[in-house]
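Dear colleague,

I am passing on the structure below, and after it you will find some notes on what turned up in it. Please read them with the structure open beside you.

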Amino acid sequence: MAVPTFTRICGALLLAGALAACSSTSTSSGQPTQSAGSATVGTSSPSAGSSSSGAAEGTTHVDIRNFLFEPAALTLSPGATLTVTNQDSTAHTLTADDKSFDTGTIAPGATATITAPQQSGPHAYICTIHPFMHGTLTVS
């Protein structure tokens with residue numbers, strides 16, 4: 001009898017996870033929700049460069065894949081533009097804990113940009129849809 005109960009619990013958890021992944025959110029800053037393609041939150045043009053591990057200094061691009069930010073730690077100059085591409089099959093955000101930057105909802109396959117804060121130091125961020133996803137943008 002323990003197996004059917006276990007199976008029902010696992011099924012319920014999988015269903016709950018699938019429903020949570022399909023939900024959408026709106027941002028408190030009033031940023032538009034993205035449904036496809038590309039949306040710009042910042043004002044500068046991105047430059048090339050990417051890194052997949054560690055603190056990436058000068059990186060101007062973050063990929064979201066497998067429910068992870070790649071790289072999760074990066075360093076930018078104040079006011080630099082960061083391009084975020086969602087390569088997952090569900091929507092994500094890249095949102096500062098203090099809400100100083102927010103991509104809004106990024107649909108699968110879409111790209112958004114943010115502008116790094118002027119304030120130096122570390123700025124923790126999460127995906128507001130999946131709060132277990134986190135990273136740090138250091139401004140210096």
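G121 has a relative accessible area of 18%, and because the cut-off for buried is under 20%, G121 counts as buried. Please keep in mind that this is a predicted model.

G121 belongs to strand β9, which covers residues 121-126. If its neighbours within four places in sequence are set aside, G121 is in contact with L137, T138 and V139. Those residues lie in the range of strand β10, residues 134-139, and β9 and β10 run antiparallel, joined by 6 bridges. Further along this pairing, Y125 stands opposite G135 in β10.

In a regular strand the side chains alternate between the two faces of the sheet. In β10, the covered face consists of G135, L137 and V139, whereas H134, T136 and T138 make up the uncovered one.

Strand β10 also pairs with β5 (residues 73-76), this time in the parallel sense and over 4 bridges, and within that pairing T138 is the bridge partner of T75. As for P78, its C-alpha is 9.9 Å from that of G121, although the two are 43 residues apart in sequence.

Of the 140 residues, 41% are buried, and the chain exposes about 7300 Å², of which carbon and sulfur atoms supply 60%.

Key. Residues are numbered from 1 along each chain as its sequence is written. This is a predicted model: local features need pLDDT of at least 70, side-chain atom pairs count only at pLDDT 80 or more; totals for chains, interfaces and linings use all residues. Side-chain values use heavy atoms; hydrogens and water are left out. Buried means under 20% relative accessible area, exposed over 50%, partly exposed in between (1.4 Å probe, protein chains only). Accessible areas come from the Shrake-Rupley method with a 1.4 Å probe; for residues, only the protein chains shown count as cover. Helices (H or I, at least four residues) and strands (E, at least two) are DSSP runs, numbered from the N terminus. Contact means heavy atoms within 4.5 Å. Two strands pair if DSSP finds at least two bridges between them.
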